[in-house]
Amino acid sequence: MRALVRFFPPTWRARYEEEFTALLADLPPSPSLVLDVLRAAARANVDVITNAPGGPAMGFVSAPSRRASGLGVAGLIISLPTLIFVLANMLQYGLGIQGPADVIDPLVPGPPIGWLVLMLPLIGFVTAAVPVVGVTIARGETGLRSQIVVHMRPVNLFAGAITGGLAAFVVAHLIAG
Amino acid sequence: MADDSGRGWRDPGLLILISLASGPRHGFGMLEDIERFSGRRLGPGTLYGALERLERDGLVEPLEADDRRRPYRLSDQGSRVLDEQLGGLQRLTEVAATRRHQSRATER
């Protein structure tokens, strides 16, 4: 039972651990007691996060960076071959404009190069969208402090939408075909 | 107790204040007393979660620990808050009783 106290944040333990441990020693152990203590520990940890001195210990910080812009553009460039391939096929077979697919399709032979081209939007999406969010977690005097830093710029949103949409289209096409 | 006020008379914070109204008690004493007068068995985590909030709000005060068991007592502010809460509950009880009485009279 004593081990359960470890789930409480350091500030709570500094103040209440001794008397709380004494109380636990007076009570018969049971599953409902364990659940009650764990629920209280979870609430105490949430309290530490939301009531930390100097502001909440969990926060969102917007910090657009040039690196994020660069990754957004890189994601678009990575997806470009697939975008051209898909657009050419849509123009020819969707809108009936003869020529584009006849030119592009021979450049994309079967596996493995063909598969690689189809995978490019996924790689582009990961490149453009995932690194724009950073999480830092540090243990301070009042417990865990975490910060979610969003580096996103408009280009990341645009690249994420294009590459994500393209990847979804390709996957749906493969499943249907 | 602001964040627990929606639970009315079953609010652990209010039960603790009522328990301490007759004098200082430590955790185990509060659990037993609360079960005796309310029929509700609080868990130790629930008790200390509520105690922490009450202490933070200045409604209870810790006393010198006695062999690791620390008693608590009502602060002056805690006494005032308890009186307000009991007054509110009493008004609710009176309104409910009056309406039940009227309802029964209409049914007859």
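A residue is called buried here if 20 or more other C-beta atoms lie within 10 Å of its own, exposed if 12 or fewer do, and partly exposed in between, with C-beta atoms placed from the backbone. By that count, 25% of the 177 residues of chain A are buried, and for chain B the share is 31% of 108 residues. This is a predicted model, in which local features need pLDDT of at least 70 and side-chain atom pairs count only at pLDDT 80 or more, while totals for chains, interfaces and linings use all residues. Residues are numbered from 1 along each chain as its sequence is written, and chains are lettered from A and ligands numbered from 1 in the order in which they are written.

**View 1. The two chains and their elements.** Let's start with the parts list. Helices (H or I, at least four residues) and strands (E, at least two) are DSSP runs, numbered from the N terminus. Chain A has 6 helices and 3 strands, arranged from the N terminus on as α-α-β-α-α-α-β-β-α. Chain B has 4 helices and 2 strands, and its pattern along the sequence is α-α-α-β-β-α. Two residues are in contact if their C-beta atoms, placed from the backbone, lie within 7 Å. Among chain A contacts with a separation of 6 or more, 72% are between residues 24 or more positions apart. For chain B, 44% of the contacts between residues at least 6 apart in sequence join residues at least 24 apart.

**View 2. Where chain A touches chain B.** Here 18 residues of chain A are in contact with 13 residues of chain B. On the chain A side, the elements giving two or more residues are α1 (10-26) and α2 (31-50). The most come from α2(A), which gives 9 residues. For the classes, Ala, Val, Leu, Ile, Met, Phe, Trp, Tyr, Cys and Pro count as nonpolar, Asp, Glu, Lys and Arg as charged, and the others, Gly among them, as polar. The chain A side then divides into 11 nonpolar, 1 polar and 6 charged residues.

**View 3. Helix α1(A) against helix α3(B).** Zoom in on one helix from each chain. Axes are lines fitted to C-alpha atoms, for helices over the stretch in contact, and angles run from 0 to 180 degrees between N-to-C directions. The axes of α1(A) and α3(B) come within 11 Å and cross at roughly 150°. Angles under 35 degrees count as roughly parallel, over 145 as roughly antiparallel, 65 to 115 as roughly perpendicular and the rest as oblique. The two helices α1(A) and α3(B) are therefore roughly antiparallel. Their crossing is right-handed; a crossing gets that name if the near helix is turned clockwise from the far one by less than a right angle, and is left-handed if anticlockwise. From α1(A), residues A:Tyr16, A:Phe20, A:Leu23 and A:Leu24 meet B:Pro44, B:Tyr48 and B:Glu52 of α3(B). By class, this contact has 6 nonpolar, no polar and 1 charged residues.

**View 4. Helix α1(B) under cover.** How many of the 9 residues of α1(B) are buried? The number is 8, and the helix is mostly covered. Among the buried ones are B:Pro12, B:Gly13, B:Leu14 and B:Ser19. The cover includes α2, α3, β1 (60-62), β2 and α4 of chain B. The axes of α1(B) (residues 12-20) and α4(B) (residues 76-107) come within 10 Å and cross at roughly 115°, which means that α1(B) is roughly perpendicular to α4(B). The contact joins B:Leu14, B:Leu17 and B:Ile18 of α1(B) with B:Gly78, B:Val81, B:Leu82 and B:Gln85 of α4(B). These residues divide into 5 nonpolar, 2 polar and no charged. The crossing of α1(B) past α4(B) is left-handed.

**View 5. The nonpolar cores.** A nonpolar core is a set of buried Ala, Val, Leu, Ile, Met, Phe, Trp, Tyr and Cys residues joined through C-beta atoms within 7 Å. The largest has 32 residues, and those with the most contacts inside it are B:Ile16, B:Leu17, B:Leu47, B:Leu51 and B:Val60. At least two of its residues come from each of α1 and α2 of chain A and α1, α2 (27-38), α3 (44-56), β2 (72-74) and α4 of chain B. Apart from this core lies another, of 11 residues, including A:Ala128, A:Met152, A:Ile162 and A:Ala167. Leaving aside neighbours within four places in sequence, B:Leu47 is in contact with B:Pro12, B:Gly27, B:Met30, B:Leu31 and B:Leu42.
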